Amino acid sequence: MAPHLFTPLTVRGLEVPGRAWVAPMCQYSCRPGEPGFVTDWHLAHLTSFAIGGAPLILTEAAAVTEAGRISPWDAGIWQDQQVGAWERVVSLVHRTGSLIGVQLGHAGRKASTYAPFHERSGSVPVAEGGWQSVGPGSEPFGSYADPRALDVAELATTVAAFGAAARRAVTAGFDAVEIHAAHGYLLAQFLSPLVNRRSDEYGGDLAGRARLLLEVVDAVRASVPDRMPVLLRLSATDWASGQVADDLERTVQVSRWAVERGVDLIDVSSGGNVPRPEIPIGPGYQTGFAEQVRRAVEVPVSAVGMITRPDQAEQVLAEGQADVVMMARALLADPHWWHRAAETLGHPLPWVGPYARAAPLLD
């Protein structure tokens, strides 16, 4: 019997030949003169995982509007002209036999910031290529610049932008789309009572705070073929002191609503709306959240967060904590992680392309 890591999983109309997937990782590598257009760096970065045996790869967050970028160097999918660059990436990943999905995002009040490895930090001034950020209200994130509150008409435009981006993802050939509603970005800002203090239909109780997200789910689901999976990334908690249990209860309810609207997998992460939270980081520190959500919904659930070793990933799946493990930094360190995992678990994988001829020397 194959290890759980290498057991296929069907998500809506897509069969994925394994359960250790590449999590979205922002690269901040678009050229300033070509905002949102992915480059050779993105091609090499994503294809390295495909060559290494990844069953499914999720791209970094692709902004659905130009103002929705986290930084001036972020990838985007807000205009038709960007589709060709994505098609090039998707085509090469497919030629290795891997699948690829795109994450759709809007940074909200956390937009227009310097990349993490930039010599400066915080918000990029308008005079230096930055722009006005937006959010549920005018309260900033930490020391970032003050956002402007979105009005109801602008929220409708934002929902439409997610739908249009999903249609472009279909044109580019992606196998799945993921809605990014975690890590303190726009949709997570609306979900959070720490940030969303609106008194209109997009604020108030949980149903009001979730309205924008659920409208986005509807727009994305209506913009892709019925067979195409729609994934949703949520932060189970923002790690505000004393709020973890309440946050998790909220996440479970939002997950149920999203599944009713056509979401096919819940991708459980955490954090983002509290500037300097105290997080008990350790191996698999978020898998318990995924397990709680999995008990409440009838679709697959993924777990992420310091899952690095093959035996650890296998245990998460075998114990039913999640149906999928998402991985990131461990894969940057070893883009051929799946082959090493397969050897460890006694289930060798075939190498792809020219690597297959050298396989006896690589094993």
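With 363 residues, a compact globule would have a radius of gyration near 21 Å, and the protein chain agrees at 20 Å (taken over C-alpha atoms, the rule being 2.2 Å times the number of residues to the power 0.38). This is a predicted model, where local features need pLDDT of at least 70 and side-chain atom pairs count only at pLDDT 80 or more, while totals for chains, interfaces and linings use all residues. Residues are numbered from 1 along each chain as its sequence is written, and side-chain values use heavy atoms, with hydrogens and water left out.

**Overall build**

- The C-alpha trace of the protein chain spans about 60 × 45 × 40 Å along its principal axes.
- You'll find twelve helices and twelve strands in the protein chain (DSSP runs numbered from the N terminus: H or I with at least four residues for helices, E with at least two for strands).
- Buried residues make up 58% of the 363 in the protein chain (buried is under 20% relative accessible area, exposed over 50%, partly exposed in between, with a 1.4 Å probe and protein chains only).
- Of the contacts in the protein chain with a separation of 6 or more, 69% come from residues 24 or more positions apart (contact means heavy atoms within 4.5 Å).

**Around strand β11**

- Strand β11 covers residues 301-304; Val301 and Ala303 point one way, Ser302 and Val304 the other, and all are buried.
- On one pairing, β11 goes with strand β10 (residues 265-269), parallel and over three bridges (strands pair if DSSP finds at least two bridges between them).
- Within that pairing, Asp267 has Ser302 of β11 as its bridge partner.
- The chain gets from β10 to β11 through helix α8 (residues 287-296), and this β-α-β crossover is right-handed (with the strands pointing away from the viewer, the path from the first strand over the helix to the second runs clockwise).
- β11 is also joined by three bridges to strand β12 (residues 324-327), again running parallel.
- β11, helix α9 (residues 310-318) and β12 make a right-handed β-α-β unit.

**Aromatic rings**

- The count comes to six aromatic pairs (rings of Phe, Tyr and Trp, the last by its six-membered ring, with centres within 6.5 Å; planes under 30 degrees apart are stacked, over 60 edge-to-face, the rest tilted).
- One of them is Tyr28 with Phe117, edge-to-face at 6.1 Å centre to centre and 80° between the planes.
- That pair links distant parts of the chain, 89 residues apart: Tyr28 sits in the loop between β3 (20-22) and α1 (40-51), Phe117 in the loop between β5 (99-105) and β6 (134-135).
- Tyr28 is buried at 15% relative accessible area, whereas Phe117 is exposed at 61%.
- Trp351 and Tyr355 have ring centres 6.0 Å apart and planes at 45°, so that pair is tilted.
- Trp351 is buried at 15%, and Tyr355 is partly exposed at 33%.

**Charges over rings**

- Lys110 lies over the face of Tyr185, 5.0 Å from the ring centre (NZ of Lys or CZ of Arg must be within 6 Å of the centre and within 35 degrees of the ring normal).
- Arg211 lies over the face of Tyr202, 5.9 Å from the ring centre.

**Positive phi**

- Most residues other than glycine have a negative phi.
- Ser112 is not a glycine, yet has a positive phi of about 60°.
- Ser112 lies in the loop between β5 and β6 and counts as buried at 1% relative accessibility.
- His183 also has a positive phi, near 60°, and its place is the loop between β8 (176-181) and α4 (186-191).
- His183 is partly exposed, at 21% relative accessible area.
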